[in-house]
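Colleague: Hi! Could you walk me through this one?
Modeller: Happy to, let me put it up.

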Amino acid sequence: GVQSVSVNYTNANNCTALAPVVKSVSVYPLPVPTISGNVAACLNSTGNIYTTESGMTNYLWTVTGGTVTAGGGTSDATITIRWDNVGSQTITVNYTNSFNCTAATPTSKTVTVNALPAPTITGPTPVCVNSTGNTYQTEVGQSSYIWTVSAGGVVTAGGTGNDYVTVTWTTTGAKTVTVNYTNANGCTAGS
């Protein structure tokens, strides 16, 4: 708020002013930066945008465990990060507000970076041509299952959206079954 400083003194002639001089001083509060954005992310995920108050100056962003891919400069109220390390990572920001005040300490936000899943597949190999009921299974309890069966394989049960696929192999030779899914942390394997 508005504060004051006053002074009076006696000069070399032993005279003192009738009243002290008063100077008003406006004292502004320090800013309290905030950071908005997700608190959990997947390893190697891109496009993770974090924002703080706009219209300030001298923004100072720091990031642990990630790479800044956009923003994050002294005039940027946003920063975009690719998370490169699993675990608890940190973003901090400080700035100077319109009163030329800077927070005493930067604001910090913790982000949990989750590992990507590593899907596995179990099932029969080798198999005979035209054999039926060849069921291949991956981890249960995940979501957004996507199965791919190479040419010469016909899906007879399960498949996309399921934790298993049943295949009849109609031609001979080397064949493949692939799967990917999203785990409970919302992360999908890179391949």
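Colleague: Is Asn 130 buried or exposed?
Modeller: Asn 130 is exposed, with a relative accessible area of 52%. Exposed means over 50% relative accessible area, buried under 20%, and partly exposed in between (1.4 Å probe, protein chains only).

Colleague: Before we go on, what should I know about the model and the numbering?
Modeller: This is a predicted model, where local features need pLDDT of at least 70 and side-chain atom pairs count only at pLDDT 80 or more, while totals for chains, interfaces and linings use all residues. Residues are numbered from 1 along each chain as its sequence is written, and side-chain values use heavy atoms, with hydrogens and water left out.

Colleague: Thanks! Back to Asn 130: where is it, and what is its phi?
Modeller: Asn 130 sits in the loop between strand 9 and strand 10, and its phi is positive, about 65°, although it is not a glycine. Most residues other than glycine have a negative phi. Strands here are DSSP runs of E, at least two residues, numbered from the N terminus.

Colleague: And what about phi of Asn 100?
Modeller: Phi of Asn 100 is near 70°, again a positive value in a residue other than glycine. Asn 100 belongs to the loop between strand 8 (87-96) and strand 9, and it is exposed at 64% relative accessible area.

Colleague: Which peptide bond is cis?
Modeller: The one from Thr 125 to Pro 126 is cis, with omega near -5°. Pro 126 is in the loop between strand 9 and strand 10. Most peptide bonds are trans.

Colleague: What does Ser 131 touch?
Modeller: Leaving aside neighbours within four places in sequence, Ser 131 is in contact (heavy atoms within 4.5 Å) with Val 167, Thr 168 and Trp 169. A polar atom of the Ser 131 side chain also lies 2.6 Å from the backbone oxygen of Cys 128. Ser 131 is in the loop between strand 9 (107-114) and strand 10 (134-137).

Colleague: How many disulfides does a search of the whole structure find?
Modeller: One. A disulfide is a pair of cysteine sulfur atoms within 2.5 Å, and the sulfur atoms of Cys 42 and Cys 187 are 2.1 Å apart. The pair links distant parts of the chain, 145 residues apart: Cys 42 is in strand 3, and Cys 187 is in the segment after strand 14 (177-182). With -100° about the S-S bond, the link is left-handed.

Colleague: Are those two cysteines buried or exposed?
Modeller: Cys 42 is buried at 14% relative accessible area, and Cys 187 is buried at 0%. Cys 128, in contrast, is exposed at 57%.

Colleague: Switching topic, how much space lies in the largest pocket?
Modeller: About 250 Å³. The closest to its centre, of the 18 residues lining it, are Thr 125, Val 127, Tyr 136, Trp 169 and Lys 175. A pocket is an open set of points on a 1 Å grid over the protein atoms alone, where a 1.4 Å probe fits, with protein on both sides within 12 Å along at least five of seven lines; lining residues have an atom within 4 Å of a point. The volume is the space filled by probe spheres set on the points, which are joined across faces, edges and corners.

Colleague: Last one: where is Ser 45?
Modeller: Ser 45 is in the loop between strand 3 (40-42) and strand 4 (48-51), and it counts as buried at 17% relative accessibility. Beyond its neighbours within four places in sequence, Ser 45 is in contact with Ile 81, Arg 82 and Trp 83.

Methods
Helices (H or I, at least four residues) and strands (E, at least two) are DSSP runs, numbered from the N terminus. A polar contact is a pair of N or O atoms within 3.5 Å; within protein, one must be able to donate a hydrogen and the other to accept it, and residues adjacent in sequence count only if both atoms are side-chain atoms.
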